[in-house]
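Dear colleague,

Please find the structure below, handed over for your records. My notes on it follow directly after.

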Amino acid sequence: MMKRTTLGIDLGGCMSGNSAYAVIEWTEKQARVVELFKEPKHKDHLSCSAFLKEVLSMHSYDAIAVDAPFSLPKTLIETDFNPPLRESKGEISNPYLFRYTDYWLHKHYGLRPMPPAGDRIGRLTARMIELLQDFHYHPPYIKLPQGKTPIYEVYPKQIALALGYEKYKDKDVQILEGFGITQSVDEHLLDAILASYCGAMILGKHTCFPPEEAQDEGWCYPLME
């Protein structure tokens, strides 16, 4: 069975201390934890950026998976962009608030991610986009000192649903036991572990790759078992 080492990141605000990281070697669904850790609180933007860069350079990864938007809605950037029609009611159908990938998650899983430019998550989107630019992102790869590495946007709540867990943060013990992990973790480390798992599964093509409608707007890779 193929082994894959992936870095899962639950990206939080720069000074929150909530960002969590999981470096795990996966053999199918069984995990060998290399390292689990949280990001310390920072006082300024430069130390936040430096910490993220250090994390990406500390191991060799087959893939990196991050719970944070990689992009903004294309209509906010390209004024002549004509987005595809969305068969939905409510704000999720607004292409100025949500990307097609957000709409896709809503349509197929009943989920509604937070708007990438919204006040709650916009700072994470900005932090992620800066990181991608620093490492010369050409989807799905970034250039790390240890070599070109794929990096994927993922959504832990969708990953848990695909694994059969609803209200998954109440099911943390079952999820961890299913992976063979004995450590006790908080909700942010749980999300990082789920992201790491999804990264390994994406490499095995257990996902839906960007459809034509996404039109290079950015894609949140779902776990499809």
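The accessible surface of the chain comes to about 11,400 Å², and carbon and sulfur atoms account for 50% of that surface. Accessible areas come from the Shrake-Rupley method with a 1.4 Å probe; for residues, only the protein chains shown count as cover. This is a predicted model, in which local features need pLDDT of at least 70 and side-chain atom pairs count only at pLDDT 80 or more, while totals for chains, interfaces and linings use all residues. Residues are numbered from 1 along each chain as its sequence is written, and side-chain values use heavy atoms, with hydrogens and water left out.

On overall dimensions, the C-alpha trace of the chain spans about 50 × 40 × 30 Å along its principal axes. The radius of gyration is 17 Å, in agreement with the value near 17 Å that a compact globule of 225 residues would have. That radius is taken over C-alpha atoms, and the globule rule is 2.2 Å times the number of residues to the power 0.38. Of the 225 residues, 51% are buried (under 20% relative accessible area, where exposed means over 50% and partly exposed lies in between, with a 1.4 Å probe and protein chains only). Among contacts (heavy atoms within 4.5 Å) with a separation of 6 or more, 60% link residues 24 or more positions apart.

The chain has 6 helices and 6 strands, in the order β-β-β-α-β-α-α-β-β-α-α-α from the N terminus. Helices (H or I, at least four residues) and strands (E, at least two) are DSSP runs, numbered from the N terminus.

An open sheet of 6 strands has the order β3-β2-β1-β4-β6-β5, with mixed pairing; two strands pair if DSSP finds at least two bridges between them. Its edge strands, each pairing on one side only, are β3 (30–38) and β5 (141–144). Strand β5 runs antiparallel to β6 (residues 147–153) and is joined to β6 by 4 bridges. Lys143 stands opposite Lys148 in β6.

One residue deserves a separate note. Thr207 is found in the segment after α6 (187–203) and is buried, with a relative accessible area of 10%. A polar atom of the Thr207 side chain lies 2.6 Å from the backbone oxygen of Pro222. Not counting residues up to four places away in sequence, Thr207 touches Ile202, Tyr221, Pro222 and Met224.

With kind regards

Methods. A polar contact is a pair of N or O atoms within 3.5 Å; within protein, one must be able to donate a hydrogen and the other to accept it, and residues adjacent in sequence count only if both atoms are side-chain atoms.
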